[in-house]
Amino acid sequence: MINILVVIPYPGIGENYEKAIGRIRVKEVNFSTTYAYGTGKKVIDQIKGYDIVVVRGMTYLAVRNACPDVHVVEIPMSNTDILDALYQIKKKMGLVKVGIILPDITISGSNVLKSLTGFDVDVREVHDEDDVNIAIDELLESGCKVIVGGLTVGSYAGKRNIPYEQLMTSDVTITRTIKEALNAAMILDKERTRAKITNTIVNSIPSILIAVNRFQTIIAANDAASLFFSSKDLVGHALSEFFPDNVASLTIKNHENLDIVQSVKGTEMLVTQTPFSGGEEEDGILISMQKVEQFFNTEKKVRDKIGEKGLRARYHFSDIVADNIKMRQLIAKAIRYAQAEGNVLLTGETGTGKELFVQSMHNASQRADGPFVAINCAAISEQLLESELFGYADGAFTGARKGGKRGLFELAHGGTIFLDEIGEMPLNLQAKLLRVLQEKEIRKVGGDEIVPVDVRIMSATNQNIPDLVEKGLFRRDLYYRINLLALHIPPLRERGGDIDLLFQHFIRLDAERMHIQMPEINTSSLALLHRYKWDGNIRELRNVAERIIVLNGSLPITDETILSIDIPESETIEDVQTENTVESHGKKESPAELFNEFNESGLTLSEFAKMKGISRTTLWRKLKNLASE
């Protein structure tokens, strides 16, 4: 609610103001009236609690000077009011010399009035009641026979028995001042709404905000500042009362943008200052402080948001299915590596589960709350790989995204980046990667800005990196950097009983995914799986399990089921030639005889095929034919 007070100097206009106010129907605006004149304390006290005051004459000047926070609307004394007063004097006294006393000379000059009315007019300007008697004396000495002015002037003239004509306020002026007061109320309401929004925003910011003027005095502070300094009223205090001397002196002397980490009240704070200008008397600085710990927490929230977009490791050590003793020892080593900060290089054939180990180590590390970013270095061209890893600046190349792009190293800040197939990384990028490892910073493509990054690098390859080093295809110094901690994941064929364990695990997962009953698995069918080399390792076994569920549903898994699945086999020209020779000259065996001999041999599929002098493909096809008979 905007409260407006109309100060009425004399009863004659009170009724007119009441009528004008009564015609107004505006929500959130409340009009009140009071009779008062003069400049004394009693008058000033009446305006307390009001937002807008409508007042006339010297009382207007007094209120404006005494209450700078109150919006004051002046009831003006116009030329029309002067002419009306002179008209009344002419009727009573004729053309005599007239003295006019006003708080502000905004009317036409005395010569104009004399020309229009025939009166000899002398005008004096006064600012307070002390000036009134002086002005009256001067006008009397100049020959004035009557005084014209407001109610305050009239009271002084009356005490001295001097003829006096009061300036009256016209209905037009009354209407105009009420409209001006309403306009002021609308503006004030908007300013209050804007101030509330601004205040809410400022006080919702966790950062400590303090505004200081050029005299080193605090002129504004938010709730966070009051809470931190345990003081409800910081305004009016010297900055040095709350800040260390070195920060306060830097703030005032430099009077420029400044960022510094400083201990304030025993807390490490990031202190930032920004100069502001609001006129000569309002120049100062805005100080923003944020706890360093809070800053890192904010970064964590950002990283969590990044995680929601997919930059998050899904797997944990509990997801690794293994019973083989070597694998259990390997998992224990990986858990220890997870607690370290050194870079890790994982080696092993394709499909052995290197990324599963990498994600598990990330989730078991101190960086678990940070982002996890993975990229296959072999799947992207050199030019694209560089911009993906390091990002690019605005306008770096034709078609570049406006504003540039953050690279994966920048996205992985505070977390882990996984460089899969690192052996395929071009030498040019190897040099840039080495710089990241050494300097902990990156430079975007097409840009000059250096961006610090805190990233743990885990790499993986199915190649022999030392051989690549000897051939000049991989930097020796980079190899030493990424190979601080090494893990070699054995192929599936070396993991013994893990084949059974993994196969049953995958069958169960696929059955659950397809909402079917877990099929019964024949023990002899598991024995068939051991006779295959599994060149694709766990990934290939995973695909075989999925095909079985898709094709057979919840039916029991038997030898025939395994043999009916098209498990890819490699075949060479030599194998085909050998097969043709054996088929032409050798003894032919029935599929049943081959199967029995194969089971009794204890050999792998490849070893048995070699013993029989036929290709693995032919042997596999014959055994599958047995299943279909």
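I'll start with R495, which sits in the loop connecting β22, residues 485-488, to α19, residues 498-513. Keep in mind that this is a predicted model.

Is R495 buried or exposed? The relative accessibility of R495 is 2%, and the cut-off for buried is under 20%, so R495 counts as buried. Its side chain makes a polar contact with the side chain of D498, at 3.0 Å. Leaving out residues up to four places away in sequence, R495 touches V321, A322, N324, M327, T352, P490, L502 and I538.

Next, the sheet. Five strands form an open sheet in the order β15-β18-β21-β14-β22, and the pairing is parallel. β15 and β22 are the edge strands, each pairing on one side only. On average, neighbouring strands of this sheet are turned by 15° against each other, direction ignored. α12 packs on the sheet, where it touches β14, β21 and β22, and the direction of α12 makes about 155° with that of β22.

Inside the sheet, β18 and β21 run parallel and are joined by five bridges. Which residue of β21 is the bridge partner of I417? That is I457.

Last, helix α13, residues 354-363. This helix is mostly covered, with eight of its 10 residues buried. The buried ones are K354, F357, V358, Q359, S360, M361, H362 and N363. What do the buried residues of α13 pack against? They pack against α12, residues 325-339, and against the strands β14 (344-347), β15 (372-376), β18 (416-420), β21 (456-461) and β22.

Conventions
Residues are numbered from 1 along each chain as its sequence is written. This is a predicted model: local features need pLDDT of at least 70, side-chain atom pairs count only at pLDDT 80 or more; totals for chains, interfaces and linings use all residues. Side-chain values use heavy atoms; hydrogens and water are left out. Helices (H or I, at least four residues) and strands (E, at least two) are DSSP runs, numbered from the N terminus. Buried means under 20% relative accessible area, exposed over 50%, partly exposed in between (1.4 Å probe, protein chains only). A polar contact is a pair of N or O atoms within 3.5 Å; within protein, one must be able to donate a hydrogen and the other to accept it, and residues adjacent in sequence count only if both atoms are side-chain atoms. Contact means heavy atoms within 4.5 Å. Two strands pair if DSSP finds at least two bridges between them. Axes are lines fitted to C-alpha atoms, for helices over the stretch in contact, and angles run from 0 to 180 degrees between N-to-C directions.
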